[in-house]
Every structure is written in C-alpha cells, then in structure tokens.
Amino acid sequence: MQNKISIPDLPLKGGCQCGAVRYVLTNKPIVFYICHCTRCQKQSSSAFGESFRVYAADLEVAGEMKTLQRTAPSGFTFSCDFCPNCGSRLFHQREENEAVVNIKAGSLDDTSWLKPAGHIWTSSKQAWVIIPDDALVYEQQPDNYDELVKRWAEIVE
Ligand SMILES: [Zn+2]
Ligand SMILES: [Zn+2]
C-alpha cells in the first residue's frame, strides 16, 4: 500500500501563469492521475499530462478564458480552456460529461502534497520516468477510471 497523503485545507486555489485566471476548488478532488500519452506530451510540451479530476459544481473560476475543441482517438470531444493572455492550459472537459472537469494539476498554487493514484498510457512514457512499484499502471487507456478513483480514496486522508 502506498503511503497516505493529506489533502490541504479547503478551498484549494490555483491559476494560470500570469494570474489573469484564478480558480477556487471548494471540495475534494475525485482522483489524480498521470497520462503519458503522446497527445498529453504534445499539449503540455512536457513529459506527461496531470489530471486532477473534480466536480464542475465544486469549481469557481474568475477571469476570461478561451476554449478550443479537441477530438481524441477514442472519439470523445473535449473542451480545453486556457488563458488567452499567457497561454496556460487549465481545464479539460468531456463534452458529453460536463459534470466533471480535469484540472491541469500544475496550475495549483500548492503542488507539494500531490501524489498520483496511478499512471495511464505508460506504453509511451518517456524512458527516464520511473514509476513506483505500488502504483496502478495501465499501458494504454483504461476501460474506466473506477480502480484509479478507488485507489485515490484509499491513499488520501
Ligand atoms: Zn494567464
Ligand atoms: Zn493523455
């Protein structure tokens, strides 16, 4: 079993790089996981994408954002929100499931406590990324996120 992690006192706060868009999360996240797919690598211009999944009803956003649409190979269409001033990508949302939002976790003001429940698309992860033995691992897209959500609930306190 992984070491327990503590979610900081609510609300959690975050925002874009320039500060024009700020957000407040008033409830605990549903799950936090890492995606090593090549699309997340391209989108973030980095090693992987961080998905910090929350209920949209728990998220309050201040500031102007722009939105673009992306269709994944799975066929799902996503809305992707970003700050038009600095370009930081902040939120992804499946169009057919607007009840939940994936926050790009690097936008949180305090990222020191984060630890993912698992890793998906490890078949395309960068070679230097070492995944802990006790993490949930999926070589590609999981059929659903049930196991990841369950693991997250087990490791947070
Ligand atoms: Zn900005
Ligand atoms: Zn991905």
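Pro11 is partly exposed because its relative accessible area is 40%, and partly exposed covers the range between buried, under 20%, and exposed, over 50% (1.4 Å probe, protein chains only). The residue is found in the segment before β1. Strands here are DSSP runs of E with at least two residues, helices are runs of H or I with at least four, and both are numbered from the N terminus. A cis peptide bond joins Leu10 to Pro11, with omega at about 0°. The C-alpha atoms of Pro11 and Asn27 are separated by 6.8 Å, although the two residues are 16 apart along the chain.

The model is predicted, so local features need pLDDT of at least 70 and side-chain atom pairs count only at pLDDT 80 or more, while totals for chains, interfaces and linings use all residues. Residues are numbered from 1 along each chain as its sequence is written, chains are lettered from A and ligands numbered from 1 in the order in which they are written, and side-chain values use heavy atoms, with hydrogens and water left out.

Most residues other than glycine have a negative phi, and most peptide bonds are trans. Ser45, not a glycine, has a positive phi of about 50°. Ser45 is found in the loop between α1 (38–44) and β4. Ser45 counts as exposed because its relative accessible area is 69%. Trp121, also not a glycine, has a positive phi of about 60°. Trp121 is found in the loop between β10 (118–120) and β11 (136–137).

The segment that holds Pro11 leads into β1. Three strands form an open sheet in the order β1-β2-β5, with antiparallel pairing. The edge strands are β1 (12–15) and β5 (59–62), and each pairs on one side only. The twist averages 20° from one strand to the next. Angles of this kind run from 0 to 180 degrees between N-to-C directions, along axes that are lines fitted to C-alpha atoms (for helices, over the stretch in contact). Strands count as paired if DSSP finds at least two bridges between them.

β1 and β2 run antiparallel and are joined by 4 bridges. Gly14 stands opposite Tyr23 in β2. The two strands form a hairpin with 6 residues between them, and Gly19 in the turn has a positive phi of about 90°. Val24 has Glu60 as its bridge partner in β5, and Leu25 stands opposite Leu59. In a regular strand the side chains alternate between the two faces of the sheet.

The largest nonpolar core has 38 residues, of which Phe52, Ile120, Leu148 and Trp152 touch the most other members. Such a core is a set of buried Ala, Val, Leu, Ile, Met, Phe, Trp, Tyr and Cys residues joined through side-chain atoms within 4.5 Å. Two or more residues each come from β2, β3 (31–35), β4 (49–55), β8 (89–94), β9 (100–104) and α2 (146–155). The largest share, 5 residues, belongs to β3.

The zinc ion (ligand 1) has four protein donors: Cys16 (SG), Cys18 (SG), Cys83 (SG) and Cys86 (SG), lying 2.3 to 2.4 Å from the ion. Donors are N, O and S atoms within 2.8 Å of the metal (3.2 Å for Na, K and Ca); water is not among the atoms, so sites may look incomplete. The donor residues are spaced C-x1-C-x64-C-x2-C in sequence. The arrangement is tetrahedral because the 4 donor atoms subtend angles of 106 to 113°. Four donors count as tetrahedral if all angles lie between 85 and 135 degrees. The ideal angle for four tetrahedral donors is 109.5 degrees. Cys83 is buried because its relative accessible area is 1%. Cys18, at 38%, is partly exposed, and so is Cys86, at 26%.

The zinc ion (ligand 2) has Cys35 (SG), Cys37 (SG) and Cys40 (SG) as protein donors, at 2.1 to 2.3 Å. Their spacing in sequence is C-x1-C-x2-C. Cys37 and Cys40 are both buried, with Cys40 at 16% relative accessibility. A disulfide is a pair of cysteine sulfur atoms within 2.5 Å. By this rule the model has 0 disulfides.

Definitions and conventions
Four donors count as tetrahedral if all angles lie between 85 and 135 degrees; four count as square planar and six as octahedral if opposite donors are over 155 degrees apart and all others between 65 and 115; anything else is irregular.
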